[in-house]
Amino acid sequence: MADEAKANAKIPQSTVFKCIGLSLSGCEQKSTNDALEKEIQEKFANLSEKYVVCSDTMGSVMTVSKLGGMVVIAGTGSNAVLRNPNGGKKFLQISLKN
């Protein structure tokens with residue numbers, strides 16, 4: 001995907017990104033996110049200077065505003081997060097059962 005992005009942007013394949021963010025389902029714990037960041041950095045050291053891993057809910061909030069906001073993701077596994085301007089967070093995991 002990175003090679004395709006570089007080709008679409010018409011930049012050299014040798015270009016190193018400043019940061020790649022991965023907003024992924026299930027990435028709710030800082031310790032596991034940090035471990036994933038470290039592993040990706042080791043395996044793809046020449047692709048990006050930095051990697052950031054966070055939950056899909058937090059990624060959605062941060063896409064809209066650095067000040068915070070609220071997002072609800074409703075699907076097979078549903079959850080919600082509220083992020084306050086001071087950086088405080090409140091997570092709510094929703095289990096939908098038949």
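Asp34 forms a salt bridge with Lys30, with 2.8 Å between the closest N and O atoms. This pair belongs to a predicted model. Both Asp34 and Lys30 lie in helix α2. They are four residues apart, about one turn of the helix. Asp34 is partly exposed, at a relative accessible area of 33%. Lys30 is exposed, at 60%. The cut-off for exposed is over 50%, so Lys30 passes it.

The side chains of Lys43 and Glu39 meet in a salt bridge, 3.4 Å from N to O. Lys43 and Glu39 also lie four residues apart in helix α2, about one turn of the helix. Lys43 is exposed, with a relative accessible area of 60%. Glu39 is partly exposed, at 40%.

A search of the whole structure finds three salt bridges. One of them joins Glu49 to Lys18, with the closest N and O atoms 3.3 Å apart. This pair links distant parts of the chain, 31 residues apart. Glu49 sits in the loop between α2 (30-43) and β2 (51-55). Lys18 sits in the loop between α1 (2-9) and β1 (20-24). Both Glu49 and Lys18 are exposed.

The aromatic side chains were examined next. The structure holds zero aromatic pairs. The ring of Phe17 does, however, have a charge over it. The charged end of Lys6 sits over this ring, 5.2 Å from its centre.

The overall fold comprises three helices and five strands. Along the sequence, the protein follows the pattern α-β-α-β-α-β-β-β. Strands β1 and β2 run parallel and are joined by five bridges. Gly21 has Val52 in β2 as its bridge partner. Together, β1, α2 and β2 make a right-handed β-α-β unit. Helix α2, which carries the Asp34–Lys30 pair and the Lys43–Glu39 pair, is thus described here as the helix of that unit. In a regular strand, side chains alternate between the two faces of the sheet.

Helix α3 (residues 56-64) contains Thr63. Thr57 is found in helix α3 as well. Is each of these threonines buried or exposed? Thr63 is exposed, with a relative accessible area of 67%. Thr57 counts as buried, at 0% relative accessibility. The limit for buried is under 20%, so Thr57 falls within it. The value for Thr63 is over 50%, and therefore this residue counts as exposed.

The two threonines also make polar contacts. The side chain of Thr63 reaches the backbone oxygen of Gly59 at 2.7 Å. The side chain of Thr57 is joined to that of Ser55 by a polar contact of 3.0 Å. Thus the contact of exposed Thr63 is with a backbone atom, whereas that of buried Thr57 is with a side chain.

Burial was also computed for the protein as a whole. Of its 98 residues, 22% count as buried. Thr57 is one of the buried residues.

Key:
Residues are numbered from 1 along each chain as its sequence is written. This is a predicted model: local features need pLDDT of at least 70, side-chain atom pairs count only at pLDDT 80 or more; totals for chains, interfaces and linings use all residues. Side-chain values use heavy atoms; hydrogens and water are left out. Rings of Phe, Tyr and Trp (its six-membered ring) pair if their centres lie within 6.5 Å; planes under 30 degrees apart count as stacked, over 60 as edge-to-face and the rest as tilted. A charge sits over a ring if NZ of Lys or CZ of Arg is within 6 Å of the ring centre and within 35 degrees of the ring normal. A salt bridge is a side-chain nitrogen of Lys or Arg within 4 Å of a carboxyl oxygen of Asp or Glu. Helices (H or I, at least four residues) and strands (E, at least two) are DSSP runs, numbered from the N terminus. Buried means under 20% relative accessible area, exposed over 50%, partly exposed in between (1.4 Å probe, protein chains only). Two strands pair if DSSP finds at least two bridges between them. A polar contact is a pair of N or O atoms within 3.5 Å; within protein, one must be able to donate a hydrogen and the other to accept it, and residues adjacent in sequence count only if both atoms are side-chain atoms.
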